[in-house]
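The sequence and structure come first.

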Amino acid sequence: MTNVELMPARLFLSSGDLVADRRFEFARDLQLKGDLAAAADLLLQAIELAPRFASAWFTLGQIREQLGERDAAIAAFREARIADPDDRHGASLRLMLLGAEQLSAMPPAYVRALFDQYATKFESALVDDLGYRGPALLFKAVLAARHAVRKPAFFRRAIDLGCGTGLAATAFAREVDHFIGVDLSPRMIEKARATGLYAELEVNDMLEGLRGSREAGADLILAADAMVYVADLVPVLKEARRVLATGGLLAFTVETHNGDGVTIGAGLRYAHGTPHVRASIEAAGLSLSQLEVLSARNEDNVPVPGLVVVAAKS
Ligand SMILES: C[S@@+](CC[C@H](N)C(=O)[O-])C[C@H]1O[C@@H](n2cnc3c(N)ncnc32)[C@H](O)[C@@H]1O
């Protein structure tokens, strides 16, 4: 089961034209029933009425992909992005997956739309259906890293990057005095606020959130299942180094693959190769304390290959 399949509802951006919107709805019904050719026809009719109908272009791209029409799918995804330059549907990711574009950053509006839709069922979907264990793995790894340098596992100020609904703060609650959460999705932040575990919460991109944090002001930075939405780790790791006090720790999970570099998977999440993770930590001026091959969650009941990483500012 992928991220996309877990989404409670497909993102729909109205065209502003009632007839075009209705054609879109019929097309979706036909798509779900498997009549892809008829669905594509209806979508083209909707697009004729409303040429800048991003949801119709995006769905047309998916149908063309299902039909094996790669070039036509690429053209439709490009139109979807022109119609919605913020790219809330994530057409860019589809283009990367199709090999039509180089791997690049995830559109923030896509991440926000995905998790805003996902927020109400996030914990049951992730924890119950996918056996999510990212925060528990980070907790064990941070305790081990502290134990190795004979320091207590107690932190005055911790920043939780991509905090979501607050599962990492729940795991670390007794070890942290002052928790700060940063997340792109306002709905996820609302859920995090409801836990009462965060002293501060900010709707922001994690890199921007770190940029706004004072130098050497944190002794722990966490990112549980959040770097999977970040293609280039180096800018975030560099900024984390600036924000950490000497001896402070950065702990994060990633999904991984056997090669080097960064790839994007069918679940529309990045996978970072182990050599790439090591090199990024070095480039950021951090020192690696722990790197373990451990999976934070399952897909189709199979553990997704992953890494649990702890780096220190020395
Ligand atoms: C799979 S959830 C994990 C949430 C939480 N850390 C946990 O362990 O349950 C990923 C979260 O990261 C957030 N996210 C993804 N990319 C982000 C970015 N660049 N800046 C801030 N938050 C981001 C998403 O909005 C989402 O809430």
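## Ligand surroundings

A residue is near a molecule or strand if one of its heavy atoms lies within 4 Å of it. There are 20 residues around the ligand, of which Tyr 132, Gly 162, Asp 183, Met 206 and Ala 224 come nearest. The model is predicted: local features need pLDDT of at least 70 and side-chain atom pairs pLDDT 80 or more, whereas totals for chains, interfaces and linings use all residues. Residues are numbered from 1 along each chain as its sequence is written, and side-chain values use heavy atoms, without hydrogens and water.

Polar contacts are pairs of N or O atoms within 3.5 Å; within protein, one must be able to donate a hydrogen and the other to accept it, and residues adjacent in sequence count only if both atoms are side-chain atoms. A side-chain N or O atom of Tyr 132 is 2.5 Å from an oxygen atom of the ligand. A polar backbone atom of Ala 224 is 2.8 Å from a ligand nitrogen atom, and for a backbone N or O atom of Leu 184 the distance to a ligand nitrogen atom is 3.3 Å.

## His 276

His 276 lies in helix H14 (residues 274-283); helices are DSSP runs of H or I with at least four residues, numbered from the N terminus. Leaving out residues up to four places away in sequence, His 276 touches Asp 260, Gly 261 and Val 262, where contact means heavy atoms within 4.5 Å. Leu 98 is 178 residues from His 276 along the chain, and their C-alpha atoms are separated by 23 Å.

## Helices H7 and H11

The axes of H7 (residues 108-118) and H11 (residues 186-195) come within 7 Å and cross at roughly 45 degrees. Axes are lines fitted to C-alpha atoms, for helices over the stretch in contact, with angles from 0 to 180 degrees between N-to-C directions. H7 is therefore oblique to H11, as angles under 35 degrees count as roughly parallel, over 145 as roughly antiparallel, 65 to 115 as roughly perpendicular and the rest as oblique. Arg 112, Phe 115 and Asp 116 of H7 make the contact with Pro 186, Arg 187 and Met 188 of H11.

Definitions and conventions
Helix = DSSP H or I, 4+ residues; strand = E, 2+ residues; numbered from the N terminus.
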